[in-house]
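Please look over the model shown here before reading the notes on its chains and on the contact between them.

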Amino acid sequence: MSRTVLLPSLIPSLIFCSQALSSPLVNLTVHQSLVSLLVNIPVVETRPVNQTTADGVCVEGDATVRGLVTGALNAEDGGAGLLLKMETQTLTSSRQSTWPRRNIFISFDWDITTQTKAYKRLALRTDGVASGDAMAYSESSIAYGPINAQANGLFPRFTAAMALRAAQREIYGRHDQSVVDANQSVGSQLAASLDQQVEAMLAPIKESFARFVEGPFVKRKLLGGAVGFGGDEIVAQIRVEEIEPQQGSVVSPLVVTELEPVAAEIHPKALENFIAKTLGGAVFSDMELIEMMFDQALPIDSVDDIHQKAEELLVHFDETKPIALTFNADEIVVVARGSRVETLGRSWTNIDIKRVFKIKKDNGKILLSFMEPWSIAGRDGSAIDPVYSKHMIARLDEILPQGEIDISGVEIGRGLPVKLKLASIRATDQSLLTTLSASVK
Amino acid sequence: MSCLTYRNLGLKVLGTLAVVLVVHTSSLAQAVISPKAAQSSNQDLIVSFDAKGTAVGWDFGAAQALAERLDLDRDLNLIFAGSSSGSLIATYYGCHGLTRETAIFARKKLKDWSDKKLLNEHTKAKLIQLMLGEDTDSPYTNLQPIVDIVTKNGTCMPEYPLMLTAANMEILDQRSGSPLGTKANKHVDLGNFDVYEDGRKIGKACTYFVTTQIAERLSAIKAEERLCDVRPIKTPQDLLLGVRASVSEPTYFAPIADSNPASVQSVYGPITKRVYNGGFVFMSPVQDMKRVMPEAAVFGTGRGVFSRAQNRIVQSWFAFDMNRAQMESRFFFDTQMQFTAEEWKKMDEVAVAEQADLGYASALNCLKDSVACISKLYSRPAQDKSASGEALEPRTRRGIARFLRPSR
C-alpha cells in the first residue's frame with residue numbers, strides 16, 4: 001500500500017523550504033494510528049465536593065469524572081502538532097446542599113451532569129516541545145431532588161411552607177445560572193487537571209528530546225543536516241535536510257509512502273555523517289570490536305592477553321569518512337575505510353573492507369543475508385597479498401561469519417508503552433526504507 | 001575506557017558526619033603510631049589503595065582487616081599511596097592514621113555512603129552519551145561530603161607519608177574531533193613515562209602529589225627515570241588539589257587545572273601549565289616508592305584489568321596503555337589482594353557497605369598466607385632496580401607476615 005500526502009500549502013513557514021525536490025537525509029513519519037495507540041488514556045476519578053456557590057449554597061457531595069484522553073495529529077506552524085482531547089462526563093451528586101437563611105434552613109439534592117471537552121495543543125519544534133494552556137468546553141444538565149425547608153420561631157410550619165415556595169422559585173429561577181456555574185466550575189477544573197497531568201508527563205519527554213534530539217541532531221547536526229518538523233492531520237514528520245531551511249521559501253511536499261505507524265527513509269549520507277562524527281579517527285582491533293559489539297569483556301588469562309597480538313587486525317578508521325554505504329536493489333554495501341590497517345607485523349594505508357548485505361523476504365520473514373565473503377583491497381583497487389587478506393578475512397569472520405539473520409522480530413523502543421516491530425525494510429536507489437508496526441503491549 | 005578506574009565512587013556522607021568523624025578520630029590520635037620519615041628500612045610498609053572506582057568499599061573493608069592483623073605495637077612506618085578513588089582512602093588514613101578504631105569508624109560510616117548515583121558509571125551508556133556529544137562528567141560537589149571527611153574539612157596536613165597520583169592531561173591528550181577519534185601522534189615510554197609528540201619529548205605522563213618526606217626520598221631517583229613530576233603537599237590546599245586531581249578521571253569529573261603549576265617539580269624544566277585528569281595512569285602508584293625504599297614491604301588492595309576495548313579507548317585518547325602499566329606495577333608488591341571474577345562482578349551489584357564486607361573477608365583470607373596472596377599476572381618493568389642499583393626482585397613477593405600479629 002502506498003499513498004502520498006501533501007502538506008496543506010497554507011502553512012507557509014513550514015521548514016524544509018529550499019529543498020523542494022531534493023531527497024532528504026532522513027524522513028521519519030509517524031502516523032496517526034500510532035498516536036491513537038499511544039494516547040488512549042481512560043479517565044476515572046471520584047473526588048469529594050465541598051464548596052459554596054456564589055449565591056451561598058453550600059454543596060456537599062461527590063464528583064465522578066469518567067472519560068478518555070486521545071491524541072490527534074494536526075498541522076502546526078513550524079512544527080509537528082498534536083492535539084490532546086479529553087472528553088469526559090462529570091456527575092456531581094450532592095448528598096445535601098444547604099442554604100441557610102435567618103431562622104430558615106433550606107436543603108435539597110441535585111445531580112449535575114456535565115459533558116466536557118478539553119483540548120491541549122502540543123507542538124514539536126526544533127527548539128523543543130511547546131504546549132499551550134488547555135481549553136475546556138462544558139455542557140451541564142441539572143436534575144433537582146426534593147427541596148426541604150425547616151423554620152424556627154413563631155408559626156414555623158407556615159414560615160417553612162412560605163420559605164419552601166420562595167426557595168423553589170429561587171432555585172428553579174436560578175437554573176440557567178447554575179448551569180453556567182457548573183460549566184465554568186467543571187470546565188476550569190478539568191482544564192487545570194489536564195494541564196497539570198500533561199505537564200508532568202511532558203517533563204521527561206522534554207528532557208529526552210533535549211538530550212537525544214535537540215542536542216545531537218539539531219544543534220550538533222550529527223546527521224549532517226538541519227532538522228525540521230512538520231505534519232498534518234495524518235502524519236507527523238521529522239526531516240533532516242542538507243541545507244539550512246530558509247523562512248519564506250517554497251514549501252516542499254511531504255511524501256509518505258507507507259501507511260505503517262512509523263516509516264523512515266534514510267539516505268546513506270545520514271548514516272555516513274553520523275558515523276564520521278562519532279567514529280571518525282577511532283582505532284580498534286577485531287577483538288576490541290567484538291567486546292564492544294557484544295558488550296562483553298574477553299577473558300585475560302595471561303600477561304600476553306593484555307598485549308595486542310601480532311595476529312590481531314587493527315583498523316585505524318578514516319577520520320572524515322570511516323564508513324561508506326550504498327543502498328540499492330535490496331543490497332546494502334558497507335565499506336569500512338581504514339586509513340591504516342595492521343596485522344602480522346605489516347601495515348597498509350587506505351584500505352577498504354567491504355561486506356555486502358542482502359535483504360530477503362521468506363515466508364513473511366525478513367532476513368538479512370551476508371552470504372558473500374568479505375572483500376579487502378586498497379582504495380585505489382590494488383590487491384593485498386592473499387596470505388594477508390585471507391588472514392584478515394578469517395579474523396573478520398570471527399566478528400561476522402557468513403549466514404542469515406532473521407530480523408523480522410526486531411523490536412524498537414523498548415521503553416515505549418507500545419510494541420514497535422520491524423515490519424518492512426527495503427534498500428532502494430539511495431535510500432533505506434523501513435516501516436514499523438505497532439501493537440499494544 | 002577510564003570509566004573502569006572508577007567503578008563508582010559510591011560515597012555519600014551527610015555533612016554532619018564529617019564533623020563527627022573529625023572529632024572522633026582526633027580523640028584517637030594518641031593511639032596512632034607516630035610517623036617517621038627515616039631512611040628506607042624494613043619497618044616501612046607501603047599500603048596502596050589501588051584504584052577501583054565504585055568498588056571503593058572493598059578498600060575500607062581491607063583496611064580494617066589490615067589494621068586488625070598488623071602488629072601495631074612493633075616499630076612500623078606506614079606509608080599510604082592511592083590512585084583515583086583510592087586517593088580518598090589513602091588520604092583518610094594519611095590524615096587519620098590506620099588503627100583498628102579509625103578503620104572500624106570509617107567502615108561504620110559506609111552505610112551512609114551507599115548512594116551509587118553520585119557518579120555516571122555505566123560504560124555503555126557513557127559511550128552513547130559521548131557519541132551523542134553529551135557531557136558525562138558528574139559535578140565534583142557530589143564528592144564534597146566525603147572529601148570533607150577524609151581531609152578533616154580541608155584542614156588536613158597528612159600526618160603520615162602519602163602519595164597520590166594524577167595524569168598530566170595537557171601532556172597526554174591526543175583526542176581528535178570525534179568522540180572516539182585519535183590523532184595518534186603521541187607515545188608514552190612505559191619505562192620512564194616520558195611522553196613524545198610526533199617524536200619529540202614533551203614531558204611526563206603524570207604528577208605525584210606527595211608529602212615532603214616522600215618528595216625527599218624520591219629525589220634519590222635519577223630525575224629522568226622518575227615516572228612522574230612531583231608536586232609536594234605543603235598545605236591542606238595542596239592535598240585537596242591532589243585528591244581532586246586523582247579522582248577527576250576522564251568522563252567522570254571535569255579535569256582540574258593547577259593554579260600554581262610552578263610548584264610542580266619536573267625534570268623537563270619549569271611547568272607553566274598543568275591540568276590533571278585522574279589517576280588512570282597508575283592503578284597502584286608504588287613503583288618509584290619501592291625503588292627508593294627497597295627494604296619496604298608493599299601491600300595493595302588490588303584491582304582487575306580493563307577490558308581490551310576500554311584500554312584501547314583510553315589509549316586512543318591519552319596514548320597510555322593502562323593494562324601494561326598495571327602489569328608492571330604489580331611487580332613491586334609483596335602482597336596484593338586478588339579478586340575472583342564473582343567478587344568483582346558482585347561489587348557492581350552491592351552497596352558500598354557490603355563491598356566492605358567482601359573486602360574485609362578477602363583481606364583476612366589474604367593475610368593468612370600473604371606470600372601466596374599475589375597475582376601471577378605481572379610483568380617486569382624497565383626500572384626493576386632500586387634507585388641505588390640493587391635488584392628489586394628478591395625484595396618483592398615476600399608477603400608481609402613480618403608485620404602481622406600471629407593469627408589466632
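The briefing below treats the interface and then chain A.

This is a predicted model, in which local features need pLDDT of at least 70 and side-chain atom pairs count only at pLDDT 80 or more, while totals for chains, interfaces and linings use all residues. Residues are numbered from 1 along each chain as its sequence is written, chains are lettered from A in the order in which they are written, and side-chain values use heavy atoms, with hydrogens and water left out.

**Interface of chain B and chain A**

- With contact taken as heavy atoms within 4.5 Å, 28 residues of chain B touch 35 residues of chain A.
- The buried area (the accessible area, with a 1.4 Å probe, that two parts lose on being put together, summed over both) is about 2500 Å², and carbon and sulfur atoms give 60% of this.
- On the chain B side, B:Leu132, B:Arg308 and B:Arg312 lose the most area to chain A, together 33% of what that side buries.
- Four salt bridges (a side-chain nitrogen of Lys or Arg within 4 Å of a carboxyl oxygen of Asp or Glu) are found across the interface, and A:Arg211 forms a salt bridge with B:Glu134, where the closest N and O atoms are 2.7 Å apart.

**Chain A**

- Chain A has seven helices (H or I, at least four residues) and 21 strands (E, at least two), taken as DSSP runs.
- Of the 441 residues in chain A, 45% are buried, that is, under 20% relative accessible area (1.4 Å probe, protein chains only).
- Among contacts in chain A with a separation of 6 or more, 66% join residues 24 or more positions apart.

Terms used
Buried < 20%, exposed > 50% of the residue type's maximum accessible area, 1.4 Å probe, protein only.
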